[in-house]
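User: I am new to reading protein structures. Can you walk me through some features?

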Amino acid sequence: QEYPLDALSGPMHHYPQGQFVVEYDGNIVGYCATFRIGKDLALKPHTWDEITGYGFASQHDPFGEYLYCMDLCVHPDYQGLKIENRLLFARKRLCQAEGLTGMVMAGRMPNYHRFRKKFPTPREYINAVMSKEILEPELSIHLQNHFQILDVLEDYSPVDEHSCGHAVHLVW
């Protein structure tokens, strides 16, 4: 997903210590954006636009108990180098250093569109991933990193066609 430049600077403006980049041979090959948010907003159903303030991280609350994991991207040529794990670890360290209750995110299900006929609801699909009936690397990496599933976020991001617009509400 592409964002306007001012939207990318939003998280940096609101919460600079919560933004991480990974550099490899002088090129930025991965990044993640986060902000702090209160429990009431973090744990209730939401959409991407609502929770992130349309990508500007305008919901940032300097006193929020949770770290909201807004975005994590790794260049396709550098996947397989465990960059996602390193970014998740950086988020965990920040969460612990600031004494936060935990992290919350909406996990994508980019293979869901391929299996939608077999698993018509996101919940059925998630159950198939959890039982290892099918492979969904993006969700699996979060489950392996001790995130718990809260629920399905219906219509979380309508532009995410691969996830059929839905996401998995996760907490760590």
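Analyst: We take the sheet, then the aromatic rings. This is a predicted model, where local features need pLDDT of at least 70, side-chain atom pairs count only at pLDDT 80 or more, and totals for chains, interfaces and linings use all residues. Residues are numbered from 1 along each chain as its sequence is written, and side-chain values use heavy atoms, without hydrogens and water.

User: In what order do the strands form the sheet?

Analyst: Strands (E, at least two residues) are DSSP runs, numbered from the N terminus. Two strands pair if DSSP finds at least two bridges between them. Here six strands form an open sheet, ordered 1-2-3-4-6-5, with mixed pairing. Strand 1 (20-24) and strand 5 (148-153) are the edge strands; each pairs on one side only.

User: In what sense do strand 1 and strand 2 pair?

Analyst: They pair in the antiparallel sense, over five bridges. Tyr24 stands opposite Asn27 in strand 2. The two strands form a hairpin with two residues between them. In the turn, Asp25 has a positive phi of about 50°.

User: How is a pair of aromatic rings described?

Analyst: By the distance of the centres and the angle of the planes. Rings of Phe, Tyr and Trp (its six-membered ring) pair if their centres lie within 6.5 Å; planes under 30 degrees apart count as stacked, over 60 as edge-to-face and the rest as tilted. The whole structure holds five aromatic pairs. One joins Phe115 and Tyr125: the centres are 6.2 Å apart and the planes at 35°, so this pair is tilted.

User: Is Tyr125 buried or exposed?

Analyst: Buried means under 20% relative accessible area, exposed over 50%, partly exposed in between (1.4 Å probe, protein chains only). Tyr125 is buried, at 0%. Phe115 is partly exposed, at 21%.

Key:
Helices (H or I, at least four residues) and strands (E, at least two) are DSSP runs, numbered from the N terminus.
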